[in-house]
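Look through the sequence and the 3D structure shown here.

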Amino acid sequence: MKSLSIKAFCTLFLIVFATETVYANNNDTIRTWDWEKRTDWKYDGWERLKPKNLKMQYAGGMGFLSTGVGWEYGKSGQWNTDVLLGFIPRAYADKFRITFTLKQTYSPWHWYFKPQFSYEPFACGLYVNTIWGEEFWEKEPGKYPNNYYNFSTKLRINVFLGQSITYYPRSDKWRAISFFYELGTNELYVISKVTNKSLHWGDILRLSFGIKVQIYSPHKK
(Lines give C-alpha, C1' and ligand atoms only; values in the text may rest on other atoms or scores of the structure.)
Protein backbone atom coordinates (compact mmCIF):
# COMPACT_ATOMS: atom_id res chain seq x y z
CA MET A 1 0.00 0.00 0.00
CA LYS A 2 2.83 2.41 0.89
CA SER A 3 4.61 1.63 -2.37
CA LEU A 4 1.46 2.29 -4.39
CA SER A 5 0.85 5.64 -2.68
CA ILE A 6 4.43 6.74 -3.40
CA LYS A 7 4.16 5.79 -7.08
CA ALA A 8 0.75 7.45 -7.42
CA PHE A 9 1.98 10.72 -5.92
CA CYS A 10 5.12 10.84 -8.06
CA THR A 11 3.07 10.11 -11.20
CA LEU A 12 0.60 12.90 -10.35
CA PHE A 13 3.44 15.36 -9.76
CA LEU A 14 5.01 14.55 -13.13
CA ILE A 15 1.64 14.97 -14.90
CA VAL A 16 1.16 18.42 -13.38
CA PHE A 17 4.68 19.42 -14.36
CA ALA A 18 4.22 18.15 -17.94
CA THR A 19 0.91 20.01 -18.24
CA GLU A 20 2.59 23.27 -17.27
CA THR A 21 5.33 22.71 -19.85
CA VAL A 22 2.81 22.08 -22.66
CA TYR A 23 0.87 25.18 -21.62
CA ALA A 24 4.01 27.29 -21.85
CA ASN A 25 4.96 25.93 -25.29
CA ASN A 26 1.47 26.54 -26.68
CA ASN A 27 1.67 30.17 -25.56
CA ASP A 28 5.14 30.75 -27.06
CA THR A 29 6.60 31.21 -23.60
CA ILE A 30 10.27 30.45 -23.13
CA ARG A 31 11.13 29.22 -19.68
CA THR A 32 14.64 29.60 -18.36
CA TRP A 33 16.40 28.91 -15.12
CA ASP A 34 15.94 32.27 -13.40
CA TRP A 35 18.22 33.03 -10.47
CA GLU A 36 17.32 36.69 -10.08
CA LYS A 37 14.92 36.34 -7.15
CA ARG A 38 17.31 34.03 -5.33
CA THR A 39 20.23 36.48 -5.40
CA ASP A 40 18.21 39.66 -4.85
CA TRP A 41 18.31 39.38 -1.06
CA LYS A 42 21.07 39.95 1.47
CA TYR A 43 21.24 39.34 5.23
CA ASP A 44 23.64 41.47 7.26
CA GLY A 45 24.74 41.49 10.88
CA TRP A 46 22.15 40.36 13.37
CA GLU A 47 19.69 39.67 10.52
CA ARG A 48 21.45 36.35 9.99
CA LEU A 49 20.35 35.12 13.43
CA LYS A 50 16.64 35.78 12.95
CA PRO A 51 14.53 32.78 11.84
CA LYS A 52 13.63 33.21 8.19
CA ASN A 53 10.75 30.77 7.92
CA LEU A 54 8.19 28.63 9.73
CA LYS A 55 7.74 25.00 8.76
CA MET A 56 5.19 22.27 9.42
CA GLN A 57 5.77 18.69 8.26
CA TYR A 58 3.61 15.59 8.34
CA ALA A 59 5.26 12.15 8.81
CA GLY A 60 8.79 11.50 7.52
CA GLY A 61 10.05 9.55 10.51
CA MET A 62 10.20 12.65 12.73
CA GLY A 63 6.78 12.24 14.32
CA PHE A 64 3.15 12.38 13.29
CA LEU A 65 3.36 16.16 12.93
CA SER A 66 6.36 18.45 13.43
CA THR A 67 6.68 22.20 13.45
CA GLY A 68 9.51 24.66 13.95
CA VAL A 69 11.64 27.47 12.55
CA GLY A 70 14.35 27.60 9.92
CA TRP A 71 17.24 29.68 8.61
CA GLU A 72 18.15 30.02 4.93
CA TYR A 73 21.59 31.11 3.81
CA GLY A 74 24.17 30.75 1.07
CA LYS A 75 24.91 32.99 -1.90
CA SER A 76 21.63 31.99 -3.51
CA GLY A 77 19.70 31.00 -0.40
CA GLN A 78 20.12 27.37 -1.38
CA TRP A 79 20.79 26.09 2.15
CA ASN A 80 18.18 25.75 4.86
CA THR A 81 18.52 24.58 8.47
CA ASP A 82 15.43 23.71 10.52
CA VAL A 83 14.80 22.95 14.17
CA LEU A 84 11.55 21.01 14.58
CA LEU A 85 9.53 19.78 17.54
CA GLY A 86 7.07 16.97 16.85
CA PHE A 87 4.78 14.49 18.51
CA ILE A 88 3.44 10.96 18.11
CA PRO A 89 -0.13 10.49 19.42
CA ARG A 90 -1.13 7.47 21.48
CA ALA A 91 -2.92 6.02 18.47
CA TYR A 92 0.49 5.35 16.88
CA ALA A 93 2.61 4.61 19.97
CA ASP A 94 2.39 3.05 23.40
CA LYS A 95 1.89 6.57 24.80
CA PHE A 96 2.13 10.19 23.73
CA ARG A 97 5.69 10.89 22.55
CA ILE A 98 7.70 14.04 21.83
CA THR A 99 10.35 14.19 19.09
CA PHE A 100 13.10 16.65 18.23
CA THR A 101 14.66 17.04 14.77
CA LEU A 102 17.62 18.98 13.35
CA LYS A 103 17.30 19.14 9.57
CA GLN A 104 19.56 20.36 6.74
CA THR A 105 18.23 20.92 3.20
CA TYR A 106 20.00 21.82 -0.04
CA SER A 107 17.89 23.14 -2.94
CA PRO A 108 20.07 24.51 -5.78
CA TRP A 109 17.48 25.39 -8.44
CA HIS A 110 14.30 27.44 -8.64
CA TRP A 111 12.36 27.64 -11.90
CA TYR A 112 10.05 30.68 -12.11
CA PHE A 113 7.34 29.55 -14.52
CA LYS A 114 4.80 32.27 -13.63
CA PRO A 115 5.16 35.76 -12.10
CA GLN A 116 4.21 34.52 -8.63
CA PHE A 117 5.15 30.83 -8.78
CA SER A 118 8.33 28.80 -8.85
CA TYR A 119 9.09 25.11 -9.05
CA GLU A 120 11.98 23.55 -7.15
CA PRO A 121 12.77 20.34 -9.07
CA PHE A 122 15.34 18.95 -6.70
CA ALA A 123 16.04 19.11 -2.99
CA CYS A 124 18.12 16.78 -0.86
CA GLY A 125 19.35 16.65 2.68
CA LEU A 126 19.56 14.83 5.94
CA TYR A 127 18.18 15.15 9.43
CA VAL A 128 18.85 13.69 12.84
CA ASN A 129 15.89 13.12 15.12
CA THR A 130 15.43 11.79 18.62
CA ILE A 131 12.50 10.68 20.74
CA TRP A 132 12.07 11.36 24.43
CA GLY A 133 11.56 8.47 26.82
CA GLU A 134 13.56 6.35 29.25
CA GLU A 135 12.76 3.27 27.16
CA PHE A 136 15.04 4.56 24.38
CA TRP A 137 18.83 4.67 24.55
CA GLU A 138 21.83 5.95 22.65
CA LYS A 139 24.13 3.15 23.81
CA GLU A 140 23.23 -0.45 24.48
CA PRO A 141 22.22 -0.93 28.15
CA GLY A 142 24.47 -3.13 30.26
CA LYS A 143 21.68 -5.62 30.90
CA TYR A 144 21.94 -6.88 27.31
CA PRO A 145 24.77 -9.11 26.05
CA ASN A 146 27.43 -7.35 23.97
CA ASN A 147 26.23 -6.44 20.47
CA TYR A 148 22.75 -7.83 21.15
CA TYR A 149 21.38 -4.44 20.08
CA ASN A 150 24.17 -2.82 18.07
CA PHE A 151 22.17 0.29 17.22
CA SER A 152 20.64 3.26 19.03
CA THR A 153 16.90 3.28 19.61
CA LYS A 154 16.94 6.99 20.50
CA LEU A 155 18.66 8.56 17.48
CA ARG A 156 17.94 8.13 13.77
CA ILE A 157 19.88 9.55 10.83
CA ASN A 158 17.65 10.17 7.82
CA VAL A 159 18.34 11.13 4.19
CA PHE A 160 15.79 12.37 1.68
CA LEU A 161 15.03 13.72 -1.80
CA GLY A 162 12.16 16.04 -2.57
CA GLN A 163 10.47 18.72 -4.67
CA SER A 164 8.38 21.79 -3.96
CA ILE A 165 6.21 24.52 -5.45
CA THR A 166 6.44 28.08 -4.10
CA TYR A 167 3.92 30.91 -4.22
CA TYR A 168 5.02 34.54 -3.77
CA PRO A 169 2.09 36.57 -2.40
CA ARG A 170 1.92 40.33 -2.79
CA SER A 171 2.27 40.88 0.93
CA ASP A 172 4.67 42.69 3.24
CA LYS A 173 4.24 40.01 5.93
CA TRP A 174 4.88 36.83 3.93
CA ARG A 175 7.74 36.56 1.49
CA ALA A 176 6.80 33.12 0.11
CA ILE A 177 4.75 29.99 0.83
CA SER A 178 6.11 26.60 -0.28
CA PHE A 179 4.39 23.23 -0.47
CA PHE A 180 6.77 20.30 -0.57
CA TYR A 181 7.05 16.54 -0.41
CA GLU A 182 10.02 14.37 0.55
CA LEU A 183 10.89 10.72 0.08
CA GLY A 184 13.44 9.39 2.54
CA THR A 185 14.76 6.62 4.73
CA ASN A 186 17.07 6.15 7.71
CA GLU A 187 20.31 4.26 8.30
CA LEU A 188 18.59 1.37 10.09
CA TYR A 189 16.22 0.78 7.18
CA VAL A 190 19.11 0.86 4.70
CA ILE A 191 21.01 -1.76 6.70
CA SER A 192 17.88 -3.90 6.87
CA LYS A 193 17.46 -3.62 3.09
CA VAL A 194 21.09 -4.66 2.46
CA THR A 195 20.93 -7.64 4.82
CA ASN A 196 17.40 -8.72 3.92
CA LYS A 197 16.84 -9.09 0.17
CA SER A 198 13.14 -9.82 0.66
CA LEU A 199 12.48 -6.21 1.65
CA HIS A 200 11.19 -3.93 -1.10
CA TRP A 201 11.99 -0.24 -1.49
CA GLY A 202 8.43 0.55 -0.50
CA ASP A 203 9.13 -1.08 2.86
CA ILE A 204 11.95 1.28 3.77
CA LEU A 205 10.95 4.57 2.09
CA ARG A 206 8.83 7.16 3.87
CA LEU A 207 6.73 9.82 2.19
CA SER A 208 6.12 13.13 3.95
CA PHE A 209 4.40 16.42 3.12
CA GLY A 210 4.88 19.90 4.46
CA ILE A 211 4.46 23.65 4.16
CA LYS A 212 7.09 26.35 4.64
CA VAL A 213 6.20 30.01 5.16
CA GLN A 214 9.02 32.49 4.64
CA ILE A 215 8.19 35.28 7.05
CA TYR A 216 11.27 37.47 7.08
CA SER A 217 12.30 39.60 4.12
CA PRO A 218 15.78 41.16 4.35
CA HIS A 219 16.74 44.39 2.64
CA LYS A 220 17.60 44.23 -1.04
CA LYS A 221 21.16 44.42 -2.27
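## Order of the elements

Read from the N terminus, the elements of the protein follow the order α-β-β-β-β-β-β-β-β-α-α-β. The secondary structure amounts to 3 helices and 9 strands. The model is a predicted one.

Of the 221 residues in the protein, 38% are buried. The accessible surface is about 13,800 Å², and carbon and sulfur atoms account for 64% of that area. Taking contacts between residues at least 6 apart in sequence, 60% join residues at least 24 apart.

Strand β1 covers residues 53-58. One face of β1, with Asn-53, Lys-55 and Gln-57, is covered, whereas the face with Leu-54, Met-56 and Tyr-58 is uncovered.

Which strands does β1 pair with? One is strand β2 (residues 65-73), which runs antiparallel to β1 and is joined to β1 by 6 bridges. Lys-55 is placed opposite Gly-68 in β2. The other is strand β9 (residues 206-214), also antiparallel to β1 and also joined by 6 bridges. Here Leu-54 has Val-213 of β9 as its bridge partner.

Between β1 and β2 there are 6 residues, and the two strands form a hairpin. In its turn, Ala-59 has a positive phi of about 65°.

Strands β2 and β3 run antiparallel and are joined by 9 bridges. Tyr-73 faces Trp-79 in β3 across this pairing. These two strands also form a hairpin, with 5 residues between them. Gly-74 lies in the turn and has a positive phi of about 105°.

Strand β3 pairs in turn with β4, in the antiparallel sense, over 10 bridges. In this pair Asp-82 stands opposite Lys-103 of β4.

## A nonpolar patch on the surface

Six side chains are grouped on the surface as a nonpolar patch: Leu-85, Phe-96, Ile-98, Phe-100, Leu-102 and Trp-132. Together they have about 560 Å² of accessible area. Strand β4 (residues 97-106) supplies the largest share of the patch, 3 residues.

Leu-85 belongs to strand β3 (residues 79-88). Is Leu-85 buried, partly exposed or exposed? Leu-85 counts as partly exposed because its relative accessibility is 47%, and that class lies between the limits of 20% for buried and 50% for exposed.

Notes: Residues numbered from 1 in each chain as written. Predicted model: local features only at pLDDT ≥ 70, side-chain atom pairs only at ≥ 80, totals over all residues. Heavy atoms only, no water. Patch = residues over 30% accessible without salt bridge, like charges linked within 9 Å, V, L, I, M, F, W, Y side chains within 5 Å. Areas by Shrake-Rupley, 256 points an atom, 1.4 Å probe, with all protein chains shown as cover. Salt bridge = Lys/Arg side-chain N within 4 Å of Asp/Glu carboxyl O. Helix = DSSP H or I, 4+ residues; strand = E, 2+ residues; numbered from the N terminus. Buried < 20%, exposed > 50% of the residue type's maximum accessible area, 1.4 Å probe, protein only. Pairing = 2+ DSSP bridges. Contact = heavy atoms within 4.5 Å.
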